[in-house]
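Student: I have a new structure to look at, and I would like to learn how to read it. Could you walk me through a few features?

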Amino acid sequence: MVKKSLFAIALTLFFGFLVVGVVSAQQPTPSDDQVNAIAKQLYCPVCENIPLDVCPTTACAQWRELIRQKLTAGWTAQQIKDYFVQQYGARVVGTPPAKGINWLLRVLPFLIIVAGIVILYRALRSWSHPAQQVNLPSHAPAPPAEQPGSQDDYIKQMEDQVRKR
Amino acid sequence: MEETITNPAENSTKTGPSRLWRIVAWVGLFALLVVVAMVLLRKQQGPVTVGQKPPSFTLTTFDGRKIGPADMAGKVVLVNFWASWCKPCEQEAADLESAWEYYQSRGDVLFLGIAWTDTEPASLVYIKKFAITYPNGPDLGTTISQAYRTTGVPETYIIDKDGKLASLKLSPYISVAEIKAAIDPLLGP
C-alpha cells in the first residue's frame, strides 16, 4: 500500500515537473509595449514617414504581429531590425544605408558646417584686421588729394536742391 | 613724415588662394545641384513605360526556387505586384490564376507574382486562399519594385518575347478576358 502511494506521488511529481519545465521553456508573449518599442524605430511600408507603432494600416498591423512573433522566438531588437531591412529595404529604418550617393547625405552637413566656420573665421579676421598697412617713406608718391573746392560746390548744390523742395 | 597706404603686393598674394577657394566652392555647389536634380528627375520618372526594356531581376519564390532573366527569355512574362493587405489585389487574384491555367501548357508564357512589403505568413495565406499556382515570391529589400519604380499595388507589367514592356496596368484587372486581350497579341499566330 505504501509502495503504491510512493509510486503515485513519484509519478505525480514527475509529470508535474515535466509540465512546469515545458511551460517555463516557452517565451512569454511579448506585450504591446515591447512590440511598440521596436515598432517605433521602423516606418510604415505604405504610408511614408509614419512610425510603425502608430500606423493604422493593415500592413503595419501585420508587421507589428511579425515583430511579436520574432520576439516570442527570442530574437533581439537588432536582429528584428536587420531582418526588416533585409526583407523590405533600408527605408524601413528611416536611415539611408551608408553607401553610394547616400554618403553625400552623411558628409554634406559636416562639410557645410566646416565651410561655415571657415567663412566666419575669415570674416571675423578681416573685420579685426581690416587691411595690412605698411609704413612707406615720405618720398613715396602721395595719393591725389581731393579738391576742397569741388566738395564745397557739391554740398552747395545739394543744399540748393533741398531748399527748392 | 611717413604715410600709411595699403600694400598692393599683399593684396595680389591674397587673391590667389581665395580665388581658388571660390572656384572650388562654385564647382562643389554646381555638382551638388546636379546630383539633387538627377535624384529628383529619377523620382519623378514614374513607372517603366511601354516600349522600354524593363529592369531584369531574379525572383526567389516562397518555395525557394530562383527565377531569373534566363527563365524569362523568349517568353511573354506577366509580372504582378501584390500584397495580402491590398483589397484591390484580391479582386484580380482569381482572374490571374484562371489566365495562368489557360496559358501554362503553352510554355511560352510565364506569370510571376511579387509580394510587395508583405509578411511571408500573410502572403502564404493569401496564395492558399486564392489557390494561386504560378510562381510567387517576396520582393526582398523592395529591390524589384524600386527598379520598376512602382507606385503601389496592384500593378501588372506584361513583357513581350523581345524583353520589352508591352503593357502595364496600375489597377486590378476586372476579368480574365482583359488579361487575355493584353497577352494574346504578343503570342503571334
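**A hairpin and a helix pair**

Tutor: In β8(B), Ser167(B) is the bridge partner of Ile158(B). This is a predicted model, where local features need pLDDT of at least 70 and side-chain atom pairs count only at pLDDT 80 or more, while totals for chains, interfaces and linings use all residues. Residues are numbered from 1 along each chain as its sequence is written, with chains lettered from A and ligands numbered from 1 in the order in which they are written.

Student: How many bridges join strand β7 to strand β8 of chain B?

Tutor: Two strands pair if DSSP finds at least two bridges between them. Here 4 bridges join β7 (residues 155–159) and β8 (residues 165–169) of chain B, and the strands run antiparallel. They form a hairpin with 5 residues between them, and Gly163(B) in the turn has a positive phi of about 85°. Strands are DSSP runs of E, at least two residues, and helices are runs of H or I, at least four, numbered from the N terminus.

Student: What describes two packed helices?

Tutor: The angle between their axes and the distance between the axes. In chain A, α2 (residues 32–39) and α3 (residues 58–72) pack at about 110°, with axes 9 Å apart. That makes α2(A) roughly perpendicular to α3(A), a term for angles of 65 to 115 degrees.

Student: Which residues of α2(A) meet α3(A)?

Tutor: Gln34(A), Val35(A), Ile38(A) and Ala39(A) meet Arg64(A), Ile67(A), Arg68(A) and Leu71(A) in α3(A), where contact puts C-beta atoms, placed from the backbone, within 7 Å.

Technical notes:
Axes fitted to C-alpha atoms, helices over the stretch in contact; angles between N-to-C directions. Parallel < 35°, antiparallel > 145°, perpendicular 65-115°, else oblique. Contact = placed C-beta atoms within 7 Å.
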